[in-house]
Amino acid sequence: MAAAALCWALRAARQVLPSPCPRQVRSYYVDWRMLRDVKRRKMAYEYADERLRINAIRKNSILPKELQEVADKEIAALPRDSCPVRIRNRCVLTSRPRGVKRRWRLSRIVFRHFADHAQMSGVQRAMW
Amino acid sequence: KDKSASSEDSTPEGAAKRQEDGPETPKQQLLDIIGGMKVEVSYRKKLQRLKASESKKQAMNKLEGLDSEGSVPQGITEDTQRGKPLNPELVKAASLVASSLPRNKKQTESELLAQLRRHEETTDTQKKGGTINIRNVISEMTIKRQSPAQRAARISGHISLQLEEDGQRRRRERSSAQSMDSKRSLKVGKRLNIFTKASAEPEHALKTVSSPTIWDLEFAKEVAAVTAQPPRNGFEEMIQWTKEGILWEFPIDNEVGMEDDAEFYEHIFLEKHLEGFPKEGPIRHFMELVICGLSKNPYLSVKQKVEHIEWFQKYFEEKKELLQEI
C-alpha cells in the first residue's frame with residue numbers, strides 16, 4: 001500500500017525515475033479489499049478517455065436518439081471495474097473504508113495517532 | 001597728525017610698530033608699510049584693515065598727497081574707482097617695487113596692483129564663504145569615461161572588499177582592478193546552467209556510449225553499489241534523493257514531464273482536423289462543439305486533442321450504416 005501510494009504520487013507528479021532506487025519496498029497490500037481497490041483504480045485510469053467520449057455522445061441533445069441508445073449499450077458493455085464510481089477512498093495504511101480524511105488519505109484513528117506523536121507536519125490539537 | 005606720522009614712519013622698522021598698533025585706531029591702520037613687509041599677516045588684522053579701508057575712502061584720498069612720487073596717486077585713484085580698495089600697505093609696497101625696477105614704472109605698478117586685486121578678491125570670497133566660481137572650474141574639467149566592463153569589475157571589487165580595512169582595501173582594489181582588467185572576464189569558463197536548461201552538453205556525453213552490453217551494465221551497477229557511500233550530511237542526502245527522483249529539482253520547473261512544442265494556434269484552430277466529417281447535419285454541429293471545448297482546454301497536448309477527434313471520426317464511420325438508416 002505504501003508502494004501503491006508512491007505510484008499514485010509519481011503519476012500525479014509526472015516525474016520519471018532516472019535510476020532504480022535500491023530500497024525496501026513493501027510488496028503486500030494491507031488486505032484483499034485494498035488490492036481490489038487498486039485494480040479498480042488502474043482500470044478506471046485505462047478506460048477514462050473512452051468513457052468520457054461515449055458519455056459525450058450519450059448526454060447530448062443534438063445527435064439522434066438511436067445513436068445515443070447504441071452508445072448506452074456500448075458503455076454498459078465495458079468491464080465493470082472500469083467505472084470510477086466503484087473506487088472507494090480507503091485509508092492508505094489500514095484500508096479502513098470509513099472515516100478517511102481525503103487530504104491525508106488516512107483514517108481518523110491513524111491520523112490521530114500520528115498527530116499526537118508529532119509526526120504530522122503543521123497539525124496541532126485544536127484549542128479555542 | 002596722521003599725515004606727519006605716516007611720512008615719518010615710512011621705514012621697515014616703523015612697519016613692525018604699525019602692525020602692532022593696527023587694531024587700535026582705523027586711521028593708523030591705513031599707514032603703509034614700505035619694503036620689508038611681513039608676509040604672514042594675521043587674518044583678523046587684515047579683515048579689520050579691509051573694513052576700515054572700505055569705510056574710509058577719504059583717508060585713501062589723503063594718501064595721494066602724502067607720497068612724494070607721482071605715479072602712486074594715479075594707481076590709488078584707479079583702485080578706488082574700481083570699487084574694491086586694495087590693502088594700502090600692499091599698494092605702497094607695489095609702488096616701491098615698481099620704482100626699484102628699471103623698466104616702465106607705471107606699467108609695472110599697474111600690473112602688480114592688478115595681481116593684488118585678484119589675490120584680494122579670492123581671499124575675500126573665501127572669507128565670506130561665498131561660492132567661488134566652481135562652475136568655471138568644473139566646465140574646464142573633462143569627464144573620464146570608463147568602459148562598462150571596467151566599471152562593473154571595479155564595483156564588484158568594491159563590494160567584495162568592503163569588509164577589509166581601508167589601507168588594505170585601497171591597495172587590493174588597485175591590484176584587483178588591474179588583475180580583473182588583464183586576466184579575467186565574465187564570459188570565460190564553464191557554464192553552470194542553473195537558470196537555463198542545459199541542452200547541448202548532455203548530448204555530447206551520450207554520444208560516446210554506443211551499445212552497452214549486459215556485462216557492461218552489470219559492471220557499472222557493481223561499481224555504483226560499491227562506491228555509493230551513505231550520505232555524510234543532509235545536503236548529500238538531498239542530492240541522492242534528487243538523483244533518484246524523490247526530490248524535485250530547484251528552481252522548480254513547472255513543465256518537467258510535459259514537452260509541448262506546439263504553438264498556441266495549433267491548440268485553438270482545430271477546424272482543419274474536421275475534414276473527414278460531413279459538412280452539414282447534427283454530427284458536424286456536435287463536432288464543432290467538441291472542437292470549441294478542446295480549444296479551451298489547457299491541460300491536453302495537441303496530440304491528445306487530435307487523438308480525441310480521430311476517435312470520434314472512427315466511431316462515426318463504424319456507425320455509418322446505422323446513420324444512413326435514419
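Student: Which residues of H16(B) meet which residues of H17(B)?

Tutor: B:Ile283, B:Phe286, B:Met287, B:Val290, B:Ile291 and B:Leu294 on the H16(B) side meet B:Lys305, B:His308, B:Ile309, B:Phe312 and B:Phe316 on the H17(B) side, where contact means heavy atoms within 4.5 Å and helices are DSSP runs (H or I, at least four residues) numbered from the N terminus. This is a predicted model, in which local features need pLDDT of at least 70 and side-chain atom pairs count only at pLDDT 80 or more, whereas totals for chains, interfaces and linings use all residues. Residues are numbered from 1 along each chain as its sequence is written, chains are lettered from A and ligands numbered from 1 in the order in which they are written, and side-chain values use heavy atoms, leaving out hydrogens and water.

Student: At what angle do H16 and H17 of chain B pack?

Tutor: Two packed helices are described by the angle between their axes and the distance between those axes. Here H16 (residues 282-295) and H17 (residues 302-318) of chain B pack at about 165 degrees, with axes 11 Å apart, and H16(B) and H17(B) are therefore roughly antiparallel (over 145 degrees). The residues of this contact divide into 9 nonpolar, 1 polar and 1 charged.

Student: How do the axes of H3 and H4 in chain A cross, and which residues make the contact?

Tutor: The axes of H3 (residues 48-58) and H4 (residues 65-77) of chain A come within 8 Å and cross at roughly 150 degrees, and H3(A) and H4(A) are therefore roughly antiparallel. From H3(A) the contact involves A:Arg51, A:Ile54, A:Asn55, A:Ile57 and A:Arg58, and from H4(A) it involves A:Leu67, A:Gln68, A:Ala71, A:Asp72, A:Glu74 and A:Ile75. These residues divide into 5 nonpolar, 2 polar and 4 charged.

Student: How many helices and strands does chain B have?

Tutor: Chain B has 18 helices and 0 strands, and buried residues make up 24% of its 326 residues. Of the contacts in chain B with a separation of 6 or more, 56% join residues 24 or more positions apart.

Conventions: Axes are lines fitted to C-alpha atoms, for helices over the stretch in contact, and angles run from 0 to 180 degrees between N-to-C directions. Helices (H or I, at least four residues) and strands (E, at least two) are DSSP runs, numbered from the N terminus. Angles under 35 degrees count as roughly parallel, over 145 as roughly antiparallel, 65 to 115 as roughly perpendicular and the rest as oblique. Ala, Val, Leu, Ile, Met, Phe, Trp, Tyr, Cys and Pro count as nonpolar, Asp, Glu, Lys and Arg as charged, and the others, Gly among them, as polar. Buried means under 20% relative accessible area, exposed over 50%, partly exposed in between (1.4 Å probe, protein chains only).
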